[in-house]
Amino acid sequence: MTLLRTTAADPRMSQPDSLVEQLLSQMLFTTGHRAGESEQNSWRRSLPALAADLREAGLGDVEMLIEYHMPLTSKRADVVLAGIHPKTGEPSYVVIELKQWTAAYSFEDSAELVDVPGMPGGPKLNPILQVRGYCEYIADFARVLQDQPDALAGAAYLHNANDPSLVEDLKAVPATTMGRVFTAADRGKFHEFLRSRLAEKRGKASADLLLNSAAAPSRQLLKVAAEEVKNRSQFHLLGNQQLAVDLVMHQVDQAKKSNSKRVIIVSGGPGSGKSVIALELLGELARQGRTVLHATGSRSFTQTLRKVAGHRAPRVQKMFKYFNQFMTADANDLDVLIMDEAHRVRETSVDRYTKAALRTDRPQVDELISAARVPVFLLDEHQVVRPGEMGSLEQITSYAKSLGLETVHIPLDAQFRCGGSAEYLDWVQRLLGLSEKEPTAWKPIPEFAVEVADTPWDLERRLLEKMDDGCSARMTAGFCWPWSDPRDGELVADVEIGDWARPWNAKGDRRIGEAPPSALWATQDGGFGQVGCIYTAQGFEYDWNGVILGPDLLWRDGWFVIDRGANRDPDFRSSTKVSDLRFTRLVRHVYKVLLTRGMVGTVLYSTDEETRDALHRLVDGTT
């Protein structure tokens with residue numbers, strides 16, 4: 001939960017190089033990654049400065065939780081101070097966001113966004129909002145704090161800012177208990193604030209409570225979509241998530257004032273919060289009376305959002321569209337068009353159902369950019385899984401540039417699925433050959449479980465046991481079996497492996513027996529009895545994820561190879577339309593999507609014995 005637990009009185013806090021080496025060693029041990037030079041410099045310059053202030057304030061025995069890993073996400077707070085409240089005697093915590101900035105100015109008159117001279121990457125989130133987001137998230141997910149409303153406070157500390165006038169714009173955001181800012185020029189006030197929250201006592205017991213606290217489970221997106229759109233936010237946005245929302249809201253205002261247009265692209269891996277951002281924007285913009293629509297290229301995802309977010313208000317369902325519904329839209333008719341799962345943008349909107357009058361060569365991305373003054377693309381380039389999909393950062397940026405439009409790119413670096421485990425996502429990408437790094441053995445972590453089953457019966461049994469414990473679960477597989485139409489009102493058990501056979505999920509829009517409609521397979525009761533495919537699983541999440549690796553994905557000589565002859569996906573059939581090189585890439589993307597649907601754990605099974613043996617070696621060190 002934290003890279004280093006110490007106190008300001010620890011001699012290491014006065015030895016920057018020794019401190020950095022210890023943090024580097026701990027990060028390498030816990031994550032397998034080494035911090036970059038900029039992060040090392042931040043540790044070297046900021047942590048000793050904070051420790052000196054704590055000692056000067058008489059708080060040298062307060063516990064410092066450095067690089068505190070917040071529950072169920074990969075996001076880390078710079079420092080959490082743990083101690084005793086001087087008035088109540090109860091555990092008290094202060095979240096500190098450390099900045100080396102000497103100056104920061106409002107970005108285009110926005111209170112939420114700031115320009116920092118000399119820092120690349122465009123506008124930054126006001127650190128008051130950043131630390132406030134961390135506090136709200138910790139309060140929501142650390143169960144030990146749920147009945148302690150005054151246990152948590154937060155502050156951003158700009159320890160190099162000696163001239164208050166150069167950071168005055170930050171204070172346009174009102175100070176609250178969970179978010180305020182201090183600079184080197186008001187160190188005395190910073191010390192007073194710390195002493196108002198922390199007594200001159202040891203904080204060991206308080207630190208133990210927080211670090212050992214149970215974590216409330218992450219709330220599944222679609223279960224709260226109705227409240228997200230109609231009422232208020234159900235999620236706490238962190239870091240670049242909040243930056244993305246604030247940039248869009250800012251650009252909506254700018255577009256109206258100056259008759260301008262700017263394309264915003266938000267990129268991130270599975271579980272990084274793209275759909276949370278989409279719904280946050282949709283709800284907030286709708287509440288402000290802006291003309292806004294949500295669009296995806298996924299039938300399952302769109303229909304589920306319509307059902308969940310609009311089940312009590314049919315008007316809300318009309319806010320969820322498909323990418324190919326903007327062929328005749330007037331230019332800039334909308335204030336904002338939010339394109340979730342934008343990696344599924346296709347080369348053209350034309351298909352076999354398109355009327356002859358609308359059949360043109362116009363790119364779909366052109367239609368989508370044209371439709372709104374602020375087009376917002378949310379995408380994951382490693383989830384392009386079908387021929388004809390072209391929603392990459394490079395492609396969208398290049399097209400916007402050809403139109404003379406500025407593009408703002410916001411990468412999301414946090415992880416909320418897979419138990420908040422960035423390590424698992426990295427392991428999957430390495431395993432599937434989607435990373436420059438070699439495949440490696442899985443190193444067990446408490447946040448996320450990985451298991452290997454020896455038979456499909458074993459895989460199904462394990463998942464049923466998880467469901468008996470109150471978890472949600474689904475089985476998915478690579479597209480390596482035929483997919484029959486129902487016979488005599490029943491699904492056909494097409495996925496046959498030895499003496500085990502189960503049907504694919506239903507194809508259509510109606511329930512077949514206990515099986516829910518195709519678009520609702522991942523979210524409605526009855527979905528566990530069938531095997532889901534890439535087209536019904538993509539975009540969704542469940543607690544436990546069972547994945548059948550079919551004969552199209554085989555472990556040979558230390559890595560996965562692709563057998564095109566074993567794949568049954570009709571979209572991949574033509575080698576003329578889909579080259580062998582592109583086919584190989586798409587299949588790896590398919591399995592990446594399937595392997596990253598779980599929030600608590602994943603159970604793997606391969607139909608190939610050599611592959612199963614390899615998975616056992618990689619996951620649990622046995623054969």
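**Figure 1. Burial and overall dimensions of the protein chain.** Of the 623 residues of the protein chain, 58% count as buried. The model is predicted. Its secondary structure comes to 17 helices and 24 strands. A compact globule with 623 residues would have a radius of gyration near 25 Å, and the 26 Å of the protein chain agrees with that. Along the principal axes, the C-alpha atoms fill a box of roughly 80 × 60 × 45 Å. Take the contacts between residues at least 6 apart in sequence: 72% of them join residues at least 24 apart.

**Figure 2. Surface and charge of the protein chain.** The accessible surface comes to about 25700 Å². Carbon and sulfur atoms account for 48% of that surface. The protein chain carries 74 positive and 84 negative side chains. The centres of these two sets lie 3 Å apart.

**Figure 3. Aromatic cluster of Tyr 157, Phe 182, Phe 190 and Phe 193.** These four residues form one aromatic cluster. A pair of aromatic rings is described by the distance of the centres and the angle of the planes. With a cut-off of 6.5 Å between ring centres, the count in the model comes to 14 aromatic pairs. In one of them, Tyr 157 and Phe 190, the ring centres are 4.1 Å apart and the planes meet at 25°, so the pair is stacked. This pair links distant parts of the chain. Tyr 157 sits in strand E8 (residues 152–158), Phe 190 in helix H4 (residues 187–197), and 33 residues separate the two. Both Tyr 157 and Phe 190 are buried. Phe 190 also pairs with Phe 182: the centres are 5.3 Å apart and the planes are at 45°, so this pair is tilted. Phe 182 is buried, like Phe 190.

**Figure 4. Glu 67 and Asp 109, two residues with positive phi.** Most residues other than glycine have a negative phi. Phi of Glu 67 is near 55°, a positive value in a residue other than glycine. Asp 109, also not a glycine, has a positive phi of about 65°. Where do they lie, in a strand or in a loop? Glu 67 is in strand E2 (residues 63–69). Asp 109 is in the loop between strand E5 (105–107) and strand E6 (110–115). Glu 67 counts as buried because its relative accessibility is 6%, under the 20% limit. Asp 109 is exposed, with a relative accessible area of 77%.

**Figure 5. Phe 107 and its contacts.** Phe 107 belongs to strand E5. The residue is buried, at 10% relative accessible area. What does Phe 107 touch, not counting residues up to four places away in sequence? The contacts are Leu 113, Val 114, Asp 115, Pro 123, Leu 247, His 250 and Arg 262. His 33 is 74 residues from Phe 107 in sequence, and their C-alpha atoms are 33 Å apart in space.

**Figure 6. Thr 7 in strand E1.** Thr 7 lies in strand E1 (residues 2–7). Its relative accessibility is 17%, so Thr 7 counts as buried, the limit being under 20%. Neighbours within four places in sequence are left aside here. The contacts of Thr 7 are then Met 13, Gly 60, Asp 61, Val 62, Glu 63 and Met 64.

**Figure 7. Val 144 in a loop.** Val 144 is placed in the loop between helix H3 (127–141) and E8. The residue is partly exposed, with a relative accessible area of 29%. Val 144 touches Leu 209, Leu 210 and Ser 213, with residues up to four places away in sequence not counted. Pro 91 is 53 residues from Val 144 along the chain, and the two C-alpha atoms are separated by 10.0 Å.

**Figure 8. Thr 348 in a loop.** The loop that holds Thr 348 runs between strand E13 (334–339) and helix H11 (364–371). Is Thr 348 buried, exposed or partly exposed? Thr 348 is partly exposed, at 28% relative accessible area. Leaving aside neighbours within four places in sequence, the contacts of Thr 348 are Thr 360, Arg 362 and Gln 364. Glu 389 is 41 residues from Thr 348 in sequence and 9.2 Å away in space, C-alpha to C-alpha.

Terms used:
Residues numbered from 1 in each chain as written. Predicted model: local features only at pLDDT ≥ 70, side-chain atom pairs only at ≥ 80, totals over all residues. Heavy atoms only, no water. Helix = DSSP H or I, 4+ residues; strand = E, 2+ residues; numbered from the N terminus. Rg over C-alpha atoms; globule rule 2.2 N^0.38 Å. Buried < 20%, exposed > 50% of the residue type's maximum accessible area, 1.4 Å probe, protein only. Contact = heavy atoms within 4.5 Å. Areas by Shrake-Rupley, 256 points an atom, 1.4 Å probe, with all protein chains shown as cover. Lys, Arg positive; Asp, Glu negative; His and termini not counted. Charge placed at Lys NZ, Arg CZ, Asp CG, Glu CD. Phe/Tyr/Trp six-rings, centres within 6.5 Å; stacked < 30°, edge-to-face > 60°.
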